Number of protein chains: 2
Amino acid sequence: MDQEYTSQVLETAVTELSRLPGIGRKTALRLALHLLRREERDVTALGEALIRLRRDICYCRHCHNISESDTCAICASPMRDHRTVCVVENVKDVMSIENTGQYHGVYHVLGGLISPIDGIGPDSLEIASLVDRVSAGDIDEVILALSSTMEGDTTNFYIFRRLANFDIKLTQLARGMSIGNEIEYTDEVTLGRSLLNRVPFSDSFKTN
Amino acid sequence: MDQEYTSQVLETAVTELSRLPGIGRKTALRLALHLLRREERDVTALGEALIRLRRDICYCRHCHNISESDTCAICASPMRDHRTVCVVENVKDVMSIENTGQYHGVYHVLGGLISPIDGIGPDSLEIASLVDRVSAGDIDEVILALSSTMEGDTTNFYIFRRLANFDIKLTQLARGMSIGNEIEYTDEVTLGRSLLNRVPFSDSFKTN
């Protein structure tokens, strides 16, 4: 549209929307025209929810999970086991693990994985603060729950070396066949690992 | 995430984002976590742009295009030919035609196409107001620029019948091969129409 006849208000909304990841100018325009057809109340609710999101959410000073105060609901809860710490890459992984309903300890969010190719070294991550938590002596077990990728394995190994001299149990997530998968379609590396890490049959009925 | 440990602010933002068309809860969460990493200033700009969009944009009382006042920039412009009206389905089509740089008249936005199967009859559209504009007697030409679909053709024909008794030129967009297309890959209906509507060779150099 010729600049002369563009609505500046529409133009600004489209530009701001198209800064979101995965949203180009065409999608941004489609979203903006959709919002024009919605109730003013609904659009105001959306705009204010986004402003509040960024303004009111901060990070927990213990575990670096998102929080609305300096200690998150999980770290503040007396119902959780504060002597077990699960190390995860990011906030989404906390949600994934919470959704399993199988974990009752606390977390430590690294904020990424070691990846020299992306210029992310151990100092860019919350690893020093993890070592501090462990050296304070209140922790029995650290569970490494990182992705099963090269970066995840590198980070696992780095943390393992940093925590090797502490008297704690250091575990990592079990790797093996996905539940519901068929042997025929499981890749050979995973299948090999599943064989090596086989567990007593009675353990398959174990619940937390 | 257990309700107990969810951030209510995050939950609200995700719910509001997931009301947008084509955005499910997973994408909404990804967008929300992206916004958390952005500068607070940028996120506030996005939120306010959306609120202003819905609050400040209204529809032109002449052509029903979006506008920031009751007469849009195109209808208000003395540079445009106000005796030529281009009838389009929606606001996006106005933008598409403006982007060609080939049109200098004004518009009439119908707000949809006649589609009995979706319950959209002529009375749901801005057809009566088009007839009013034409009967006021200030218009020489009405260009029907609707999609080349069953609904577009139905709407074209309905408008043609409503305007048949007025002393105006009634035209529609040329239909034929797309520029850059090969004969071999042009569908036979389009190719047939291109043959029927062939134009003098010298006209291919015509500019507006």
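**Close-ups of a predicted model**

**View 1. B:His64 in its loop.** B:His64 sits in the loop that links β1 (58–59) and β2 (66–67) of chain B. This is a predicted model, so treat the backbone angles here as computed values. The phi of B:His64 is positive, at about 65°, even though this residue is not a glycine. Is B:His64 buried or exposed? It counts as buried, because 22 other C-beta atoms lie within 10 Å of its own, and the cut-off for buried is 20 or more.

**View 2. A:His64 in chain A.** Over in chain A, A:His64 belongs to the loop between β1 (58–59) and β2 (66–67). Here too we have a non-glycine residue with a positive phi, about 65°. A:His64 is buried, with 22 other C-beta atoms within 10 Å.

**View 3. The buried side of α6(A).** Helix α6 of chain A runs over residues 127–135, and A:Ile127, A:Leu130 and A:Val134 are buried in it. Why do they end up on the same side of α6(A)? Because they cover an arc of only 55° around the axis. The general rule is handy here: an α-helix has 3.6 residues a turn, so residues three or four places apart point the same way. Among the elements covering the buried residues of α6(A) are β3 (81–88), β4 (105–109), β5 (141–144) and α7 (150–163) of chain A.

View 4. After α6(A) comes A:Gly137, with a positive phi near 90°.

Notes
Residues numbered from 1 in each chain as written. Chains lettered and ligands numbered in written order. Predicted model: local features only at pLDDT ≥ 70, side-chain atom pairs only at ≥ 80, totals over all residues. Helix = DSSP H or I, 4+ residues; strand = E, 2+ residues; numbered from the N terminus. Buried ≥ 20, exposed ≤ 12 C-beta atoms within 10 Å, placed from the backbone. Arc of directions from axis to C-beta. Contact = placed C-beta atoms within 7 Å.
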